[in-house]
Amino acid sequence: MAVEADVLASIKLELAIANTDFDSDLTDKIARSVKRLFPYVQSEVKATVTVNQGDWRFTLPASCESIRFMYDADENKIEDFIQHAREIIVRDYGLTAGTITIYGNGRYTLLTLPAEFEEAIIYYACSLFYAQLAGDKRKYNIYMQSTGAQGVNNMRETADWYEERANTYLQDRGILLGLE
């Protein structure tokens with residue numbers, strides 16, 4: 001994956017890591033960082049669900065985390081529904097057999113994430129990495145030996161700083177994009 005390799009290289013540059021000692025750890029941090037973006041950063045999802053006559057309950061499609069609005073097969077907006085976890089319950093609606101079109105929000109993957117949010121991934125991954133080093137003396141020693149004088153001494157404080165930087169970055173993007 002070229003995107004993952006680029007993000008990994010950016011993180012290693014940010015952390016002053018020149019070798020491959022922490023590549024598997026950082027790859028894990030990248031995956032966890034992408035998951036942390038939700039619900040700040042959400043993809044737009046359009047999905048369809050087939051329902052039977054009188055069946056007012058269905059499970060949300062895997063690509064969708066939440067519903068913004070739904071339409072029946074006749075293009076009528078369905079407004080009275082409840083979402084409980086992944087189950088959708090349509091109330092007081094005479095559903096006929098057919099399809100329901102769902103417009104909702106989902107999670108991005110690293111490959112589908114807009115490039116403007118990769119910086120937040122880098123900051124979150126750095127935060128997770130420094131938090132790991134704060135609790136793992138063996139990895140902390142390896143990191144300090146590999147980075148030398150460029151290493152950071154206070155791992156917990158640095159982890160918090162990177163997390164705050166990621167949160168601020170996402171909040172600023174939300175304001176710029178009119179998402180607030």
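Trainee: What makes S1 and strand S7 a pair, and how many bridges join them?

Mentor: First, a word on the source: this is a predicted model, in which local features need pLDDT of at least 70 and side-chain atom pairs count only at pLDDT 80 or more, while totals for chains, interfaces and linings use all residues. Residues are numbered from 1 along each chain as its sequence is written, and side-chain values use heavy atoms, with hydrogens and water left out. Two strands pair if DSSP finds at least two bridges between them; strands are DSSP runs of E with at least two residues, helices are runs of H or I with at least four, and both are numbered from the N terminus. Nine bridges join S1 to S7 (residues 98-106), so the two strands count as a pair, and they run antiparallel. Within this pairing, Thr50 stands opposite Thr99, and Glu44 has Asn105 as its bridge partner.

Trainee: Why are strand S1 and strand S4 said to stand at the edges?

Mentor: The open sheet has four strands in the order S1-S7-S3-S4, paired antiparallel. S1 (43-51) and S4 (77-78) each have a single partner strand, so one side of each is left without a neighbour in the sheet.

Trainee: Why is Cys64 called buried?

Mentor: Its relative accessibility is 0%, which is under the 20% limit, and therefore Cys64 counts as buried. Cys126 also has a relative accessible area of 0% and is buried.

Trainee: How many disulfides are counted?

Mentor: A disulfide is a pair of cysteine sulfur atoms within 2.5 Å. By this rule the count is zero.

Trainee: How do you know that the buried residues of helix H4 lie on the same side?

Mentor: In H4 (residues 137-147), Lys139, Tyr143, Met144 and Thr147 are buried. They cover an arc of only 135° around the axis, taken from the directions from the helix axis to the C-beta atoms, and this puts them on the same side of H4. On the other side, Lys137, Arg138 and Gln145 are exposed.

Note on methods:
Buried means under 20% relative accessible area, exposed over 50%, partly exposed in between (1.4 Å probe, protein chains only).
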